[in-house]
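Here is a short briefing to read alongside the model.

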Amino acid sequence: MTPQQASAAPEQDEDHQDNDALNRSASASRVAALQHTLRRGARGLKQWPLLSWTCIAASLIGCQSLLTSGLNHPRITVMLPLGPGDEQLRQQFLRGFTIGEDSVKACSVSLPAASWLGLPPDTSPADVLLKEIDQQLLVAPPGADLRAFGRLAKARDLSVLLPFQRGGSLGRLASLEGSERLWPLVPSRREDLKAIAAASLSNGWDWAMVVRDPDSLESSEAETFVELFFDGGGAVKSYTRSDIQSVDPEDDAAFQRFSEDMLWSRVPTMVVAADPNGDLARKLLDAQSKAEFGIERPSVPNWVWISGSTVLGEMSQQPWQQLGLRHAARGDGWSSFAKAFESRWGDQPTLLEASGYDTARVLALAGTAPPPLSKEGTPDAMGWVDPDAKPVPLCKGFQMRQQGKSLRIPAAASDFRLQPGQAPSGSAMAGLIRG
């Protein structure tokens with residue numbers, strides 16, 4: 001490098017940093033603009049009939065002109081929740097969506113026209129989606145009411161994407177009306193719990209006592225974990241009729257009974273189905289710090305958390321070993337997505353942002369060519385997905401769609417083995433928490 005080049009390099013770096021900052025600012029402005037438009041649509045519900053605001057935004061990027069009638073209405077619709085506290089959820093999804101659109105544009109392809117609708121609480125999607133519109137593909141809000149969207153999919157003969165549906169309801173999805181038209185995009189939480197159980201067993205932690213806070217989110221997943229733990233060869237000790245001991249952190253007598261059970265049983269592992277920052281976790285921490293679970297072995301039992309990876313990332317170091325989820329189940333395309341996301345937004349994405357990313361790419365592929373026909377002879381907007389095909393790069397996928405071929409692409413949120421009525425899989429990782 002010449003002296004002149006060396007002296008110019010810092011200035012070029014500063015220009016590059018300025019451009020990055022401008023890009024992030026512009027992207028944030030576009031997301032904020034759509035958020036505002038969605039909220040405005042929600043207020044409109046109180047003043048105008050549903051028919052008067054069919055579409056809230058014609059596209060995410062640029063927020064093109066609003067569509068207020070069924071004329072030239074796009075056949076793709078994206079619904080986002082408009083309930084109290086949903087703003088952050090919408091923002092996360094939309095930030096991932098913008099990264100997905102960037103990957104589409106890199107293939108010299110544009111997203112198809114789409115309607116953006118807000119779905120207020122306790123509102124049926126059938127009331128928001130006009131019957132006069134010839135819809136082919138609908139993106140449901142994260143955490144959608146599966147029964148309502150199943151009925152809608154069957155009645156309107158359209159495909160429905162479920163961008164972020166992870167709970168136990170996915171296990172009952174196949175039995176719902178219209179499930180043959182419902183397409184989950186992310187793995188279920190069962191995949192995460194399976195990884196946690198496998199990591200515990202591989203560490204030799206195969207004998208445990210399970211305690212849960214009945215008011216925590218983790219409580220509803222304790223049975224699934226125990227099932228997977230048993231399937232892998234583990235054993236559970238309990239002094240109650242249930243394999244899981246429920247302890248209300250405000251019930252001192254119940255906590256004392258559990259503490260004594262731990263001491264008497266000398267079980268070397270405790271599975272904690274509770275908020276790591278909650279009252280029960282704090283009481284358990286205090287008790288073990290005082291060696292109340294084992295006088296002769298103050299660093300035992302080992303702890304297994306079934307919580308999500310985000311909250312566990314802030315876990316503090318303890319004298320005893322702790323194990324939990326390192327990252328949720330996700331796809332092979334995560335690394336490239338996460339790198340692009342961090343470059344654009346300055347922080348690390350979650351699976352929710354990844355679902356927005358994959359949604360944008362699915363919409364682009366769906367809109368690249370006319371949809372295949374179903375066995376009944378009706379348009380099947382997702383009929384081009386081949387869950388067993390070898391993944392091809394996105395740009396190659398556009399070429400294959402234009403040729404009428406089926407395909408599978410790398411995805412950030414899953415292995416993209418997409419099928420109606422069945423959640424895809426992904427690679428989750430669990431292991432020791434270092435603190």
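A residue is called buried under 20% relative accessible area, exposed over 50%, and partly exposed in between. By that scale D347, at 31% relative accessibility, counts as partly exposed. Please keep in mind that this is a predicted model.

**Helix α5**

- Helix α5 covers residues 189-202, and at 1.5 Å a residue its 14 residues should span 20 Å; the end C-alpha atoms are 20 Å apart, so expectation and model agree.
- Because 10 of its 14 residues are buried, α5 is largely enclosed by the rest of the structure.
- The buried set includes the charged residues R189, E191 and D192, along with L193, A195, I196, A197, A199, S200 and L201.
- Among the elements that cover these buried residues are the helix α6 (222-231) and the strands β10 (302-305), β11 (322-330) and β12 (427-432).
- After α5 comes G204, with a positive phi near 85°.

**Salt bridges across the chain**

- Searching the whole structure gives 19 salt bridges.
- One of them pairs R95 with D347, with 3.3 Å between the closest N and O atoms.
- This pair links distant parts of the chain, 252 residues apart: R95 sits in helix α2 (residues 87-105), while D347 is in the loop between α10 (334-345) and α11 (351-368).
- The two partners fall into separate accessibility classes: R95 has a relative accessible area of 14%, so it is buried, whereas D347, at 31%, is partly exposed.

**Two further pairs**

- K154 and E177 form a salt bridge whose closest N and O atoms are 3.8 Å apart.
- K154 belongs to helix α4 (residues 146-156) and E177 to the loop between β4 (159-162) and β5 (182-184), so their pairing ties together parts 23 residues apart in sequence.
- E177 is partly exposed, given its relative accessibility of 42%.
- D252 and K283 also meet through their side chains in a salt bridge, at 3.0 Å from N to O.
- Here the link runs from helix α7 (residues 252-265), which holds D252, to helix α8 (residues 279-289), which holds K283, so parts 31 residues apart in sequence are tied together.
- D252 counts as exposed at 55% relative accessibility, and K283 counts as partly exposed at 23%.

Notes: Residues are numbered from 1 along each chain as its sequence is written. This is a predicted model: local features need pLDDT of at least 70, side-chain atom pairs count only at pLDDT 80 or more; totals for chains, interfaces and linings use all residues. Side-chain values use heavy atoms; hydrogens and water are left out. Helices (H or I, at least four residues) and strands (E, at least two) are DSSP runs, numbered from the N terminus. The expected span of a helix is 1.5 Å times one less than its number of residues. Buried means under 20% relative accessible area, exposed over 50%, partly exposed in between (1.4 Å probe, protein chains only). Contact means heavy atoms within 4.5 Å. A salt bridge is a side-chain nitrogen of Lys or Arg within 4 Å of a carboxyl oxygen of Asp or Glu.
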